[in-house]
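Hi everyone, thanks for coming.

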Amino acid sequence: MFYRKDAILAVVAGILANAGFVLADNTQSQGPLSLTTVTADAVAADSGPSGLLMQGLDKIGVGDPLRKADINIYGWLETGYTFDARHHKGTFITPGPFNHEYNARDGSFSGGGDRNHLMLNQVALCFERQVNFSPDKWDVGGMVEIMYGTDSNAIHANGLGLGFNGADDRFNPQYQPDIVQAYIDVNVPVGNGLKLRAGKQVNFMGVETIDPRGNAFYSHSYLFAAMPSTLTGLVGFYPVNDQWLIALGFTRGWDQCLQDNNGSSIDVVGRIAYTPNKQWSAVLNFASGPENNFDSSHYRTAIDSILSWQPTDPLKLGLEITYVYDGGIQGDRLAGFTHAYGDVWGSYAYGSYTINDYVTANARLGFLHNFVTANAFNVWDFTLGVTVKPFPKDPIGKNLIIRPEVRYSYAETNLYPVVSGDGSNTRFFRDQLTFGADVVFSF
């Protein structure tokens, strides 16, 4: 067992080193198909582990003062590889996103041409003071999350990071930094406790997250691409009781931060979460407001519903249904269209079965209809994978997960481009088959 552990960790360290970083330390990652955004307990904040980084700070005398102040510092590293069965270089495709590109061919949501070579998707570092709901005391906390890697270039918010509205090539260079989150939490002691979050935060709609620890797969669903990456504004979360939680707020818009693509227009976001017991949970998310460039009169409205069921301890099932309507997406002045509506809708089913402490099997099946360009198209998508924890009981090794997967997508039209090696020719196909795997290490 000792030699097997050393051998695997050595291989992983080599992969991470080739991706531009060396192996670091971590505590725990969220389990596969961890629909943490569904449960009322996890709606308002993502808790980070007090892990290996904090243990390292203990050794220099810093960890204990941070803990006494309820401050936690943690992070994770993700690197992966996706192999395209057609062997050729491909350009990215955008089957549904509104404000950010998503490369469905590989495990990231970064720019095109990322298949068939190793990528450092994310190295993230979080500084957090978590604020819990309290009916009898004021409390202040918050989070700053910074990231570097190929994923960063696809989630830049307007006014924060490299270009957003065509001013810069946001995919060059491929590896970029980003401030993913920077917000302040305040608990207001009214009722059961009201948590107010002000600043830049990850979007809370959808099953899948930017943080790879909360996902079952390396790659993302097409519905993930139809949602914003981050929101900047003020959102309040209130637990009505043990079963119900509501959230309501306003933001500058989808992926807007220090600048706004349509002036001072704001949108409204909200959530209703119902968790009747440990087996069932249901969530309804919504957002509405003007989102298009230089257009404050046409609204985009998104409705995202999620249902999760855990019939037995090892088995988790989830269903997400999403509809997004935009009254002016095809009227974007930068794109040169006249005003016309567009919409995206679809559904994804998830399944996860924990075989033992080492292996969890995952499945994802979905459909997406896209009409945000001149021509509509439909896509079917199926992914199978496993989450492997080679050393679930080892103090360091338990923080390592490996997620191989196979993904097949089929479109009703020739949708998937493949570029020849010299870049002189592009062919389009109705389907694509990819094999991917990533390594995630939390610290």
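Here's one to start with: which residue in β17 is the bridge partner of Pro417? Keep in mind while you look that this is a predicted model.

Okay, it's Phe428. Let's back up and see where that pair sits. Strand β16 covers residues 416-419, and four bridges join β16 to β17, residues 426-429, with the two strands running antiparallel. Now look at the faces of β16. Both of them are covered. Tyr416 and Val418 are on one side, Pro417 and Val419 are on the other, and all four of these are buried.

Next stop, Asn362, in strand β13, which spans residues 359-371. Is Asn362 buried or exposed? Buried, because its relative accessible area is 3%, and anything under 20% counts as buried. So what does the side chain of Asn362 find in there? For one, a polar atom of that side chain lies 3.4 Å from the backbone oxygen of Ala216. Ala216 is 146 residues away along the chain, yet the C-alpha atoms of Asn362 and Ala216 are separated by 6.5 Å. The side chain of Asn362 also makes a polar contact of 3.1 Å with the side chain of Thr387.

Key: Residues are numbered from 1 along each chain as its sequence is written. This is a predicted model: local features need pLDDT of at least 70, side-chain atom pairs count only at pLDDT 80 or more; totals for chains, interfaces and linings use all residues. Side-chain values use heavy atoms; hydrogens and water are left out. Buried means under 20% relative accessible area, exposed over 50%, partly exposed in between (1.4 Å probe, protein chains only). A polar contact is a pair of N or O atoms within 3.5 Å; within protein, one must be able to donate a hydrogen and the other to accept it, and residues adjacent in sequence count only if both atoms are side-chain atoms. Two strands pair if DSSP finds at least two bridges between them.
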